[in-house]
Amino acid sequence: MPAVRMVLQRLLLHPWAKGWVVLLCASPGAYLVYGAFTESLGVNPAETLIRQTGDLTIRALCYVLMVTPLKDLFKIPALLRHRRTLGLAVLAYASLHLLSYAWLDMGLELEDILADVFKRPFIFVGMAGFVFLAALGATSFNAAIKAMGPKRWKTLHQAVYVVVALAVLHFYWMRAGKHRFDDVIFYGGILALLLLYRMVQALRYRMSRLS
Ligand code: HEM
């Protein structure tokens with residue numbers, strides 16, 4: 001095990017590792033875009049694109065939240081080097097998801113989009129999740145951390161809890177009409193466990209500072 005850990009650690013620290021992680025994150029999206037251009041997304045390509053990008057967003061959210069527990073469990077600190085890339089992948093897939101909806105469902109009509117946001121609660125919740133996600137993405141760079149100061153930056157980045165809650169609620173509400181909750185329970189369960197881990201770690205850190 002220490003040998004495997006060392007190999008993984010070295011691979012993750014390799015100068016090319018960032019490029020490989022970006023490629024890995026981008027490949028499902030590129031495959032979908034390729035499918036759209038080659039007209040191989042089935043009978044309802046718009047629905048496929050919107051749903052698949054939604055799935056990719058929630059999956060990417062799970063992966064980014066897995067970084068810290070995996071680092072702690074397997075003692076591979078180099079995993080942290082790739083957390084920002086994974087976070088930006090969540091934002092990129094959410095943007096693709098929003099763009100697919102705005103373009104293919106709404107024909108890029110801003111008035112119709114706004115009306116839909118206030119008409120359908122699951123769209124409102126998805127949009128709110130996107131706004132928080134965008135704020136996290138925009139402040140994920142070193143310059144933003146420096147400008148805000150680590151304390152304020154950390155407080156803002158607690159908003160990841162809000163993003164998770166809104167994402168699961170959006171998914172639940174969307175599926176409620178179809179009475180299909182299997183995936184919602186699966187992703188909701190994973191995300192709840194990952195958030196619980198974060199909360200326990202934060203609590204432990206506070207207790208250790210008090211004692
Ligand atoms: C945090 C951001 C978001 C996440 C994690 C997310 C996730 C998801 C997921 C997992 C699905 C279900 C896919 C499936 O059925 O397999 C979905 C569907 C959908 N989402 Fe989102 N979403 C987000 C934001 C948005 C935004 C901003 C909009 C539009 C304003 C939106 C509009 C839709 C629509 C229209 C559907 C498909 C509904 C249908 O086919 O009946 N989502 N989303």
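In the protein chain of this predicted model, residues 24 or more positions apart account for 68% of the contacts with a separation of 6 or more; two residues are in contact if their C-beta atoms, placed from the backbone, lie within 7 Å. Local features need pLDDT of at least 70 and side-chain atom pairs count only at pLDDT 80 or more, while totals for chains, interfaces and linings use all residues. Numbering starts from 1 along each chain as its sequence is written.

**Overall build**
- The protein chain has 10 helices and 0 strands, where helices (H or I, at least four residues) and strands (E, at least two) are DSSP runs numbered from the N terminus.
- Buried residues make up 20% of the 211 residues; buried means that 20 or more other C-beta atoms, placed from the backbone, lie within 10 Å of the residue's own.
- The C-alpha atoms fill a box of roughly 55 × 40 × 40 Å, taken along the principal axes.

**Helix α10**
- Helix α10 (residues 182-210) has 29 residues and reaches 42 Å from its first C-alpha to its last, close to the expected 42 Å (1.5 Å times one less than its number of residues).
- Its buried residues are Tyr 187, Leu 191 and Leu 194, and their cover includes α3 (45-74) and α9 (160-176).

**Ligand surroundings**
- The ligand is surrounded by 23 residues, the closest being Gly 54, Gly 126, Gly 129, Phe 130 and Ala 167; a residue counts if its C-beta atom, placed from the backbone, lies within 6 Å of the molecule.
- Two or more residues of this shell come from each of α3, α4 (83-105), α6 (121-138) and α9.
- α3 gives the most, with 7 residues.

Conventions:
Buried ≥ 20, exposed ≤ 12 C-beta atoms within 10 Å, placed from the backbone.
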